[in-house]
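Thank you all for coming.

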Amino acid sequence: MYKIQTLNNISVKGLEKFPRETYEVASEIQNPDAYMLRSLKLHNVDIPESVLAIGRAGAGVNNIPIEKMSARGVPVFNAPGANANAVKELVLTGMLLGCRNICQAWECAKNLTGDDESISKEVEQVKKKFVGFELPGRTLGVIGLGAIGTSVANMARDLGMNVVGYDPALTVERAWQLSSSIESANTVDELLAKSDFVTIHVPFNEGTKNLINARRINTMNDNAIILNFSRNGIVNDEDAVEALNAGKLYSYICDFPSNLLKDHPRVITLPHLGASTGEAEENCAIMIADQLKDFLENGNIKNSVNFPQVKMPRVSGYRMAIANSNVPNMVGQISSILAETGHNILDLLNKSRGDLAYTLLDVDTEITKDVVDQIKAIDGVLSVRTI
Ligand SMILES: NC(=O)c1ccc[n+]([C@@H]2O[C@H](COP(=O)([O-])OP(=O)(O)OC[C@H]3O[C@@H](n4cnc5c(N)ncnc54)[C@H](O)[C@@H]3O)[C@@H](O)[C@H]2O)c1
Ligand SMILES: O=C(O)CC[C@@H](O)C(=O)O
């Protein structure tokens, strides 16, 4: 019986992927084989040694101690692209809320008093305060052209906007998906100088912390709108508010509320709603459940953020999955032990990624605990499982 512990609310469509006969799935469970979570911060959580894999039902993995998990030979999975459409639609919503002053206008409408005739008169007076601007012909800068950025960029082109994108690690797959009319910037500064709207779709890490700061905001066009549906900390909120107060920025739309932001008249802040659609929650949960299941049952790895992609069809009922440091002679030492203990290797796949490597081996006879212990004792072996 495999045990999956859910640490956040996970769509039942994903949880239904785990057959009841072979899986126990619960939010409270002793010695889980895997965690399934969304945004819960795991950095200060004591993760039990029983955990073999962590599945993040979403894109961002900055809430997970990846290095610590790598050192334990534990793959961390995410769900690339599974919530991209939900975020794209909210970015469009944010752009329209911002450029048409919708939140301020709605607040004003809610505060109208008197009979309907006087409300109608008042409406004609107040509406001039909320005159906005339209999207076609304006320039959208998209920082990060991954699953979300690419789809936001294409959407903006379809709406008649000019689009400029920046991503120093643009993949070939994303380049194929991007509309050929999207201009490429060589630096963030070059992008900012051209943009009326700037939207950010990069992971949060040391390299992207404070990516948008006072210096960069000052180089932007006057009255630009910044949208942050990526992570708190990528835009320096204090600097954004200062620029709003100085009349430099038009509006700041952000998915990460704080005391500084929540009541500011030119900030629209939402409670981390980017991926909160039934469709996105289902897509993410199903993708993660499939990946965890294939890992637990077969040792295969798909969409891990720390381990290589590994898939090997089973040729016997005796499989071993080994995570190890990416150093010479690991496979040699492992196969020597298997040979010395009378196992014939029927198939083997070894892949590496950075400092880590991962090996799947199918052998002809059952692998005993003694053999597992000998392999575990090899210097550089991080985890060993028989499946
Ligand atoms: N608000 C939400 O609910 C929500 C939902 C989904 C994702 N997110 C956030 O959005 C981020 C992006 O998601 P995604 O699915 O597009 O991920 P992705 O991995 O498909 O794309 C990220 C892209 O950013 C690029 N990148 C990395 N560092 C960069 C930098 N310094 N400058 C420019 N580009 C850089 C990468 O090359 C990659 O192409 C996630 O990491 C997550 O933090 C938020
Ligand atoms: O799970 C969520 O609701 C948010 C997910 C989002 O931040 C992500 O990085 O995918």
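Predicted model: local features only at pLDDT ≥ 70, side-chain atom pairs only at ≥ 80, totals over all residues.

Strands here are DSSP runs of E with at least two residues, helices are runs of H or I with at least four, and both are numbered from the N terminus; two strands are said to pair if DSSP finds at least two bridges between them.

Residues are numbered from 1 along each chain as its sequence is written, and chains are lettered from A and ligands numbered from 1 in the order in which they are written.

Back to the strands, then. β10 and β11 belong to an open sheet of seven strands, with parallel pairing and the order β8-β7-β6-β9-β10-β11-β12. At its edges are β8, residues 183-184, and β12, residues 267-269, each of which pairs on one side only. Helix α3, residues 84-99, lies across β9, β10, β11 and β12, and runs at about 150° to β10. Helix α10, residues 237-245, also packs on the sheet, where it touches β10, β11 and β12, and its direction makes about 145° with that of β11. For these angles, axes are lines fitted to C-alpha atoms, for helices over the stretch in contact, and the values run from 0 to 180 degrees between N-to-C directions; contact between two residues requires their C-beta atoms, placed from the backbone, to lie within 7 Å.

Now the division of the protein. Domain 1 covers 1-82 + 278-306, domain 2 covers 84-269 and domain 3 covers 308-387, with bounds that come from an automatic or database domain assignment. The centres of domain 1 and domain 2, taken over C-alpha atoms, are separated by 32 Å, and seven residues of domain 1 are in contact with seven residues of domain 2. On the domain 1 side, the touching residues are three nonpolar, three polar and one charged, where Ala, Val, Leu, Ile, Met, Phe, Trp, Tyr, Cys and Pro count as nonpolar, Asp, Glu, Lys and Arg as charged, and the others, Gly among them, as polar.

The shell has 31 residues, of which the closest are G60, G144, G146, I148 and G274; a residue counts as near if its C-beta atom, placed from the backbone, lies within 6 Å of the molecule. By class, this shell divides into 16 nonpolar, twelve polar and three charged residues. Helix α3 and helix α6, residues 147-158, each supply at least two of the residues, and α6 gives the most, with three.

Around ligand 2, the residues are R38, S39, G58, A59, G60, N83, H272, G274, A275 and S276, and by class they are two nonpolar, seven polar and one charged.

An open sheet of four strands, antiparallel in its pairing, has the order β14-β15-β13-β16. Its edges are β14, residues 345-353, and β16, residues 381-386, and each has a single partner strand, so one side of each is left without a neighbour in the sheet. Five bridges pair β13, residues 318-325, with β16 in the antiparallel sense, and the bridge partner of A321 in β16 is R385. Helix α14, residues 369-376, lies across β13 and β16, running at about 165° to β16.
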